[in-house]
Amino acid sequence: SEGQLGVGFDFGTSGVRAVVIDVEGEVKFDSSLRWAAPDDPDEWLRAADTLMGDVPLALRKRVSRVCFSGTSASCLLVDVHDPCRVTRGPRMYSYNTLTEPISMEAARRALGALEQIAPDKHTTLSGTSALMKLVCWHLESPIAPEEAFSHQADYVAAHARGARGPGSIVSDWNNALKAGFDVDTLRWPGWLLESKLGEEIGRCLPEVTMPGAVVGPVSASMASRFNLPPTCSVVAGTTDSIAAFIAADATTPGHAVTSLGSTLAVKMLSERRVEDASRGVYSHRLGNAGRDRGPANAKVEEINQNQQGRREGGSDGVNADDADADADADADADADLWLVGGASNVGCAVLRVEGFESSELEARSSDIDPSTDSPLEYYPLQRGTVGERFPTNDPLKKSILEPRPENRTEYLHGLLHAIARVESEGYAALEALGATKLNRVDTAGGGAVNPTWMAMRQRMLGVPTVV
Ligand code: ADP
């Protein structure tokens, strides 16, 4: 209600950010820090504490909702009796079970087992999926009765709630997608739970709820340390790139957001759900299915209502009661829109690794003519890394950063052009699979500040491309 505030924490690839917003979505405060060790769960918890402590006391006293987003498919196993006790350390978003030496032997067996039971081209059938990470852990050493599976966001949220015991890890259906959660029926699927594998690992899977739904109060210790009101709740989170999408305020089908951060991720609103694991394409549900609608979900609700109004031939004035009744009758009918997309392993990280810091990026970019293609045909994975997820899923994909011109402006042109080519091929793949046609691209992340790149991308994408 009026005067109350929400704090959102975004656990990203290079660091973590916190933002305080009011009920209108106006930003009251924000703060961030860079990771020293991005895969250290203790550092995640410390970072949440540090950033919460940064929020001015007068604002903290008005916080009614706390929410965490994390990098997609970054997961770990914890002791359910004490979720801060990690039993298997994180396998992060980019960890590929099929190529990492520790897990590759188990991963081959895991993939074979999942291919037997999962639907064709299912999103879990990839070396980086959360389900593959879980099955590998189980094949490396059987999951113990007290072990619980947790995504990065679930883990930090459980800590904020001070949760203990069975049911302490609660996930959301955005994070849970790559662990196999069925976003049509909003259940863990029968193909998994009713299989022999499912009998062995099903017990460790979390309860899954709607992003933004209230999960429980913040812990007494957190409330007292930070002077949060006793009524302050932790709500279910989402993934970092969905958080970026929601923040960009895209509400019509064909509207996309590219995150040009350390890695490139694209997401677009679509009327149709598309999925193809062989191209790293998947769809998130962007709907509420008539369930518990907290204020944190107002944006999604608005999207649904706009869409519903459009379908009914009106621009607004949808009857919310009718929408609720429909949703109750058929959960899927209310999932009006899908957030389709994929995440590549290429991205801006390569720029930093190749020695381009901000000042050089700005100076050299302004010397590049965005109306010309670079003759260099790079595939700009970071040096020393292999494997791509999207727009083709190829765990053996090699980086191409040769030939390397003497002139660093030409080199930068080649890199920016190559990343932009992966982006446009990504959107083309979505269209080829039947998603709504792209009509606009908003850009988030560190690469969005580059006007030359923006012009180059707009030319290649053929639609308005903005910050
Ligand atoms: P993350 O996804 O890790 O949270 P950010 O969204 O903070 O990352 O983006 C950081 C990236 O932005 C860095 O890899 C950096 O190379 C890139 N970047 C910063 N300035 C520019 C620029 N002017 N042009 C292109 N890329 C840039």
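Helices (H or I, at least four residues) and strands (E, at least two) are DSSP runs, numbered from the N terminus. Residues are numbered from 1 along each chain as its sequence is written. The model is predicted: local features need pLDDT of at least 70 and side-chain atom pairs count only at pLDDT 80 or more, while totals for chains, interfaces and linings use all residues.

**View 1. Overview of the protein chain.** The protein chain holds 15 helices and 19 strands. Of its 467 residues, buried residues make up 50%. A residue is buried if 20 or more other C-beta atoms lie within 10 Å of its own, exposed if 12 or fewer, and partly exposed in between, with C-beta atoms placed from the backbone. Two residues are in contact if their C-beta atoms, placed in this way, lie within 7 Å. Among contacts between residues at least 6 apart in sequence, 71% join residues at least 24 apart.

**View 2. The largest nonpolar core.** A nonpolar core is a set of buried Ala, Val, Leu, Ile, Met, Phe, Trp, Tyr and Cys residues joined through C-beta atoms within 7 Å. The largest one has 122 residues, of which V7, V135, V156 and L415 touch the most other members. Helix α14 (residues 408-432) gives the largest share of this core, 11 residues. Because domain 1 (5-243) and domain 2 (248-280 + 342-466) both give residues to this core, it lies between them; the domain bounds come from an automatic or database domain assignment. Leaving aside residues up to four places away in sequence, V156 touches F11, W44, L45, A48 and F68.

**View 3. The shell around the ligand.** The ligand is surrounded by 19 residues, the closest being S14, G261, S262, C348 and G446. A residue is near a molecule or strand if its C-beta atom, placed from the backbone, lies within 6 Å of it. By class, the shell has 6 nonpolar, 11 polar and 2 charged residues. Here Ala, Val, Leu, Ile, Met, Phe, Trp, Tyr, Cys and Pro count as nonpolar, Asp, Glu, Lys and Arg as charged, and the others, Gly among them, as polar. Helices α12 (349-353) and α13 (358-365) each supply at least two residues of the shell, and the largest share, 4 residues, comes from α13. Domain 1 and domain 2 both give residues to the shell around the ligand, so it lies between them.

**View 4. An open sheet of 6 strands.** The strands follow the order β14-β15-β13-β12-β18-β19, and the pairing is mixed. At the edges are β14 (282-286) and β19 (465-466), each of which pairs on one side only. Two strands pair if DSSP finds at least two bridges between them. Strands β12 (residues 255-260) and β18 (residues 440-444) pair in the parallel sense over 5 bridges. V257 stands opposite D442 in β18.

**View 5. Two cis peptide bonds.** The peptide bond from F390 to P391 is cis, with omega near 5°. P391 is found in the loop between β16 (386-388) and β17 (394-398). The bond from E402 to P403 is also cis, with omega near -5°, and P403 is found in the loop between β17 and α14.

View 6. K121 is not a glycine, although its phi is positive, about 55°. This residue is found in the loop between α3 (104-117) and α4 (130-140). K121 counts as partly exposed because it has 15 C-beta neighbours inside 10 Å. N227, in the loop between α8 (220-226) and β11 (233-239), has a positive phi near 55° and is likewise a residue other than glycine. With 12 C-beta neighbours inside 10 Å, N227 counts as exposed.
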